[in-house]
Amino acid sequence: MFPKQSRSREVISLDGLWNFSPDYDLCAGRDGWNSVLPYAEVMAVPASYNDIGVSARLRDHVGDVWYQRSFFVPAGWRGKRIFLYFGSVSYQATVYLNGEKLLSNSGGFLPFEVDISGQALIAEENALVVQVNNELHWDTLPPGEVVEQISLSGAVTRLQKQQHDFFNYAGIHRSVLLCATANTFIAYIAVETDFDNTTGIIDYRAELNNADTCEFEAQLLDRNGKLCATSTGITGQLIVPEVLLWSPNSPYLYKLRCSLTTAGELLDEYELNVGVRTVKISDGKLCINGQPVYLQGCGKHEDADIRGKGFDYPTYLRDMELLKWLGVNSYRTSHYPYAEEMMELADRYGILIIDEVPAVGMLGKAVTSSDGLSAVFVEGKLDEAAWQNHAATLRKLILRDRNHPSVIMWSISNEASTMELAAEPYFRRLCDLVRSLDGRPLINVDFAMIAPGTSMAAKYVDIIGLNLYFGWYSQCGDIAGGAAQLEEFLRAWYAAENKPIIITEYGADTIEGFHKLPATMFTEEFQRDFFAQYHAIFDKLPFVIGEHVWNFADFMTNQGIIRIDGNRKGIFTRQRQPKMAAHYLRERWQSRRAKL
């Protein structure tokens, strides 16, 4: 659970400036950097390290970097459970305390924690070192390959090959927290909500640690702190008369206060926000609280100038205010789980979330078959080891985010080679796993290279996601021709699968301030016209239940001839200023939001 202060819990932030040493020469293993960093620079935490300096060597470094800082454990924490919480470290992290290795973690977008109760020095200085590695391989999410390039002089450069279109930012991306609880504590809370007419129903389940003889109580408070319902026992039900439902237009949040006591003494307390709402697929429609909802919004990225993917509240709040200004009711966490703080903001603002794991770039590009794609669901690539990591990441995502009312759907992957026959058992097993853990709808995102009726994943999900760029990557500049192919493609997909479709990506690169009449590619006029033609198709197809433009804001990618300092498909610049299309979309979406 996300660390929060309470009457029983204490949290100290370790964010700030850390000592920092890139391991350019692959020497740390023999030089004892787990205790002391030689020639240390300084680095901000949280942040990506890539764009803070002015060195291309650091920006493009493939391998390890090392972070170090010291901290003190308060004397009052003696005898308590003490742990370190990392919001995310991309992509692999090894944690050392006072020279001793405590933990290794793989996965760059979900939190992990390590108990240091037995290793931390109380009321003395502790040395914390984190080894960070940014290498991607076929069994990581996202996958990739590291290759070595040898120059004419014999110099060896390590390069990261990837097939996802966003920059491989790395570092300690989210907050590092030093936390303390009692040794008897609440380990986990899960809630599920429903309602019957005006009566709200909240089923909860708690997991406790060292609490065999303790008493557990759950209290539900309204926005004004008034007690609405109470229950005892680690599993129970809270009945809420005259319930106020959570929805995009009225995101009402209750507070669930859970306490653990023994003989009247408080041992632990934890609070979380709860929104009472239901999510179901009914008659081909996505329904929130029994009412059909058409999703309108954006794909996004955690991406900003200088800080890269680093956690930053001002940027998060600016994004939420811009989404509200647009009239958005939803977005997808493309293409990885976002910070928990961003999920809490979505709960507060009433934004519906398609929650996605970092399963992006799961396709081949070597021209070894008639369709131009090499097989990837094979031994040594997306094999059993890769599946196990994919499954473990889905489990962690669901455990972290299941209590957020904003989360309405789990996204299994983005643009994988789902046409391969070997992809069928891979995705069937994933979907079976997710359904055993949670009842929210499942979506998988395919793209134009997956012909209607050929996706091995589509049969196992509830909603089809499609990323389509007819008139941009194909029929270049011919918006009308692209729209005609779009309609044909969508009708064929629906005929093949008979499931509702969300257009999870559509858009055109646009350079802000570039204008031309008649419109041409990369102008602001072209982007606006592109959206208008697509919307005319969406509006006449009843099986299309959502539109997410690509992208909310310009974002950084690897260098390439189709990228002008990153991907420019944003309707806002990377600095969060609107392009012409943002005003067009605001007019469309604001006029429709009240009806959704």
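Cysteine 287 stands opposite proline 292 in β26. Strand β25 (residues 285-288) pairs with β26 in the antiparallel sense over 2 bridges; strands count as paired if DSSP finds at least two bridges between them. Helices (H or I, at least four residues) and strands (E, at least two) are DSSP runs, numbered from the N terminus.

These strands belong to an open sheet of 3 strands in the order β24-β25-β26, with antiparallel pairing. Its edge strands are β24 (279-282) and β26 (291-292), each of which pairs on one side only.

## Basis of the values

The model is predicted: local features need pLDDT of at least 70, side-chain atom pairs count only at pLDDT 80 or more, and totals for chains, interfaces and linings use all residues. Residues are numbered from 1 along each chain as its sequence is written, and side-chain values use heavy atoms, with hydrogens and water left out.

In strand β5 (residues 81-86), 6 of the 6 residues are buried, where buried means under 20% relative accessible area, exposed over 50% and partly exposed in between (1.4 Å probe, protein chains only). In a regular strand the side chains alternate between the two faces of the sheet. Both faces of β5 are covered, with Arg81, Phe83 and Tyr85 buried on one side and Ile82, Leu84 and Phe86 buried on the other.

β5 runs antiparallel to strand β14 (residues 176-181), and 6 bridges join the two. Within this pairing, arginine 81 stands opposite threonine 181. Strand β9 (residues 112-115) is also antiparallel to β5, joined by 4 bridges, and valine 114 in β9 is the bridge partner of leucine 84.

## Glutamine 219

Glutamine 219 is found in strand β17 (residues 215-221). This residue is partly exposed, with a relative accessible area of 21%. Not counting residues up to four places away in sequence, glutamine 219 touches Leu227, Ala229, Thr230, Lys255, Leu256 and Arg257; contact means heavy atoms within 4.5 Å. Arginine 428 lies 209 residues from glutamine 219 in sequence and 39 Å from it in space, C-alpha to C-alpha.

## Helix α3 against α4

Two packed helices are described by the angle between their axes and the distance between the axes. Axes are lines fitted to C-alpha atoms, for helices over the stretch in contact, and angles run from 0 to 180 degrees between N-to-C directions. The axes of α3 and α4 come within 11 Å and cross at roughly 30 degrees. α3 is therefore roughly parallel to α4 (under 35 degrees; over 145 is roughly antiparallel, 65 to 115 roughly perpendicular and the rest oblique).

On the α3 side the contact is made by Tyr313, Tyr316, Leu317, Asp319, Met320, Glu321 and Lys324, and on the α4 side by Glu341, Met342, Leu345, Ala346 and Tyr349. By class, these residues divide into 8 nonpolar, no polar and 4 charged. Ala, Val, Leu, Ile, Met, Phe, Trp, Tyr, Cys and Pro count as nonpolar, Asp, Glu, Lys and Arg as charged, and the others, Gly among them, as polar.

In helix α4 (residues 340-349), 7 of the 10 residues are buried: Glu340, Glu341, Met342, Met343, Leu345, Ala346 and Asp347.

## Helix α3 against α9

Helix α3 (residues 313-326) also packs with helix α9 (residues 580-593), at an angle of about 60 degrees and with the axes 8 Å apart. The two helices are therefore oblique to each other. Lys324, Trp325 and Leu326 of α3 meet Ala582, His583, Leu585, Arg586, Trp589 and Gln590 of α9. This contact has 5 nonpolar, 2 polar and 2 charged residues.
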